[in-house]
Amino acid sequence: MYSIFQERDLLKTFRIPVDTFVSYVMTLEDHYHSNVAYHNSLHAADVTQSIHCLLSTPALDAVFTDLEILAALFAAAIHDVDHPGVSNQFLINTNSELALMYNDESVLENHHLAVGFKLLHQENCDIFQNLSKRQRQSLRKLVIDMVLATDMSKHMTLLADLKTMVETKKVTSSGVLLLDHYTERIQVLRTMMHCADLSNPTKPLVLYKQWTERIMEEFFRQGDRERERGMEISAMCDKHTASVEKSQVGFIDYIVHPLWETWGDLVHPDAQEILDTLQENRDWYQSAVPQSPSPPPDREKTHTDRFQFPITLHEEEDTHTYNNHTLNHTHTLNHHNHTEPQLEQELEPEPDQEPEQEPEQELDPEPEQELEQEPEQELDPEPEQELEPELEHESEQELEQESETEPEQELEQEQEPEQESEQPPEQEPEPEQETEQEPEEEPEQEPEFNSIEEEERGDGEVKVADGAGEMEEGGRDAMEGIEADRDGEVDGEEEVEEEEEEERGEEEGEGEDRNGDDEEKEEETGDISEEREEDEETEEKEGGGVEGDEIGDGEKEEEEEME
């Protein structure tokens with residue numbers, strides 16, 4: 001340290017007495033712990049030498065003042081004085097007096113500064129005795145900033161600031177940095193101190209290996225103390241598991257190289273030799289890392305097969321399960337079709353079963369939506385289709401009790417007038433557009449719905465089903481006589497009006513429709529057999545056209561009521 005001050009002529013510049021300087025340096029060295037493997041006076045001398053070299057970089061020639069250079073060398077000399085050989089985290093975890101004194105914030109760095117400035121007050125140790133008060137204050141501030149920068153917890157902040165400076169740096173024509181402001185100069189000095197403290201990997205390999213042995217010995221001692229106290233052992237401090245080679249490769253890759261690479265960009269090309277040495281040392285430790293044997297190729301292949309096999313099996317099981325479900329459902333529908341083949345009208349599947357048959361198909365619309373949409377579409381074309389709103393109104397009343405079964409009965413009633421109309425038979429009812437992917441399965445579900453209706457709705461509902469059966473049997477005959485026997489609509493209308501008066505007087509039934517169709521008259525009067533006899537006599541008299549007349553009468557009456 002004395003030779004550096006002599007070379008830079010600092011003793012004369014600041015009028016530092018030689019005996020005072022030597023006394024202070026010897027006292028400072030005594031306060032470094034000789035039993036600490038790494039953070040001792042030798043490390044302090046190494047960092048001071050590194051700062052001296054970095055200050056001599058051509059890109060920083062004549063950038064700093066003499067006072068800033070004096071502060072940098074003094075900070076390097078005291079930056080680890082009285083180091084106990086453990087980390088800040090160890091002191092914090094053990095509730096040491098230093099951690100309590102400095103509130104867990106840069107504990108060791110603050111302690112080094114306090115000791116270094118305290119030694120100046122000892123006898124014949126004040127090397128700054130001839131500095132002015134302003135110079136002492138400026139020097140103290142510089143030294144504090146640089147020593148605190150050696151705290152590894154500030155590494156990422158320093159690196160980010162340095163990268164920002166590199167992006168906005170200004171240089172003269174001779175390649176010297178332009179650092180006009182004090183904040184820029186102090187930032188470079190802080191980064192320089194941090195680089196000097198992490199400069200061991202940039203030294204020749206012989207020196208680097210010695211420093212590595214020292215730092216690992218100190219780490220292992222701390223790990224032993226943590227083990228004795230029952231504490232969690234810090235990273236790279238467990239001598240039983242730590243790998244020296246791997247730790248150095250990781251230390252260079254993630255800490256040292258990014259820092260020195262950015263510094264090299266700042267003073268380019270002055271640090272190229274340092275970067276080359278760093279890369280060589282990194283390669284040497286990488287080659288020294290023990291190589292774990294790789295698994296045999298056949299074992300890797302077997303592992304790959306085991307990993308892929310469950311996925312393929314899972315996909316096959318999903319496909320098999322879906323196919324079995326479809327086949328079972330089709331078998332159930334076929335069974336119902338064989339047991340009750342008398343009903344052949346196509347119906348849409350139940351909303352609960354449709355997603356299982358066709359996952360991609362849309363769910364059936366709500367019954368209320370059908371009731372709102374169908375009258376608008378079916379009232380206009382033919383008078384024969386006016387029966388549909390009547391049946392839809394009946395479905396609205398019964399929907400409160402059986403919301404799942406009545407839409408199918410309504411569709412059954414709606415499809416008969418559509419078949420009687422002049423539309424081609426290929427045109428399917430509107431609801432079947434949702435299930436057109438499987439039109440062949442729809443007729444097979446009708447027996448299931450009809451059987452459910454008959455079981456749930458009881459005697460009153462059986463009447464509706466019987467009426468529907470009679471309409472089916474006479475529907476085809478009635479088609480031929482609908483247009484020919486329109487003259488009988490007046491007579492049918494009178495009968496319907498009489499029945500409607502009886503209906504209003506009694507107000508009975510299970511939510512019967514006020515439109516006066518055959519099913520309502522049967523439920524109100526309670527005489528199903530007599531109504532059937534009247535239907536047979538009417539068929540004989542009018543030659544199968546009575547049902548059409550009644551349909552037309554009901555439609556006409558509904559149209560008058562709507563008007």
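Asp253 is partly exposed, with 31% relative accessible area. Keep in mind that everything in these views comes from a predicted model, in which 11 salt bridges turn up.

**View 1. Arg282 reaches Asp253.** These two form a salt bridge, with their closest N and O atoms 3.0 Å apart. Arg282 sits in helix H14 (residues 272–288) and Asp253 in helix H13, so the pair ties together parts 29 residues apart in sequence. Arg282 counts as buried because its relative accessibility is 19%, and the cut-off for buried is under 20%.

**View 2. A network around Asp224 and Lys239.** Salt bridges with shared partners join Asp224, Arg227, Asp238 and Lys239 into one network. One of the links is the salt bridge between Lys239 and Asp224, whose closest N and O atoms are 3.5 Å apart. Lys239 is in the loop between helix H12 (205–228) and helix H13 (244–266), while Asp224 belongs to helix H12, so this pair ties together parts 15 residues apart in sequence. Lys239 comes out as partly exposed at 42% relative accessibility, and Asp224 is partly exposed too, at 21%.

**View 3. Glu68 meets Arg185.** Here the side chains of Glu68 and Arg185 pair up in a salt bridge at 2.9 Å, N to O. This one links distant parts of the chain: Glu68 is in helix H5 (residues 66–78) and Arg185 in helix H11 (residues 182–197), 117 residues apart. Buried or exposed? For Glu68, with a relative accessible area of 5%, the answer is buried. Arg185, at 15% relative accessibility, also counts as buried.

Key:
Residues are numbered from 1 along each chain as its sequence is written. This is a predicted model: local features need pLDDT of at least 70, side-chain atom pairs count only at pLDDT 80 or more; totals for chains, interfaces and linings use all residues. Side-chain values use heavy atoms; hydrogens and water are left out. A salt bridge is a side-chain nitrogen of Lys or Arg within 4 Å of a carboxyl oxygen of Asp or Glu. Helices (H or I, at least four residues) and strands (E, at least two) are DSSP runs, numbered from the N terminus. Buried means under 20% relative accessible area, exposed over 50%, partly exposed in between (1.4 Å probe, protein chains only).
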